[in-house]
Amino acid sequence: MTNLPFEGATFLQHNEHKQSKVGIVFFHAYTGSPIDLNLQARILQRLGYDVLSILFEGHKSPDFETLFKIAPDRWWQQAKDAIYWMKDQGYEQLFAFGLSLGGIVAMRAVTDNSLPVDAGGSFNSPVVSQTNLDLSRALYPYLKRVMLQHYNESYFNDNVDRLLSLHRKQMQALDEWKRGYVPQLSQSKRPILVVQSGNDELIPANEVYDTLQELRQAELTFHWFPNNTHVITVDRNRKPFEKALVSFIQDHTKSLE
């Protein structure tokens, strides 16, 4: 199981000589990478779980034009490939979680009864929202910082408006994509964890309640962390979040023996 069929993915096994019965798949945030969830992956590894963190296509690269042209269906296909690969390895239980964009993808996986996912959830993810996604204001300084490491300022100034326009079109596509699976949320009865930071600086935190309303039949666990920011997985106040994540997994794990 050391040769992963996923470029840029990380796979942490609790014991290289004995596979766990429980596998966990992590999906990272927009413009992020598996590093987003590395701290939690290592905690879970030490507790006896095997954790796969995939890299969504177009990420971890200064080529933002390629990133912004990728359709959400491509990330969804990568997520399904990861889930089926884990199932093929023989795991008896599978969990799927994601941060932000990764949570949007994970929630579709968890509520899709055709997929072999037993439980999972989202962290600071606008799965259901009243506002349209647009991260251009936050993206601007990030684009500038990364692009200036690889190109000159003139190149950045000449291309930033075009790149942000591509980003907005991609967010429109993502809005349409996630609206397409909202009906299945209300039908799911699986255990689902939803986490939201009160000090989320990227998305309207209170919109999480729109998601919770749709999950009315699920075995729902919800945590609101008032002092945390969007990337809760690396937030200095992340310890209560990590405790909640571990508790959810342990509560819904059949056996690690």
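Begin by selecting Tyr-91, which counts as buried because its relative accessibility is 1% (buried means under 20% relative accessible area, exposed over 50% and partly exposed in between, with a 1.4 Å probe and protein chains only). The model in your viewer is predicted, so local features need pLDDT of at least 70 and side-chain atom pairs count only at pLDDT 80 or more, while totals for chains, interfaces and linings use all residues. Residues are numbered from 1 along each chain as its sequence is written, and side-chain values use heavy atoms, with hydrogens and water left out.

Tyr-91 sits in the loop between helix H3 (72–88) and strand S4 (93–99); helices (H or I, at least four residues) and strands (E, at least two) are DSSP runs, numbered from the N terminus.

Next, select Ser-100, which lies in the loop between S4 and helix H4 (101–110). Ser-100 is buried, with a relative accessible area of 10%, and its phi is near 55°, a positive value in a residue other than glycine.

Finally, move to Thr-31, in the loop between strand S2 (22–27) and helix H1 (38–46), where phi is again positive, at about 65°, although Thr-31 is not a glycine.
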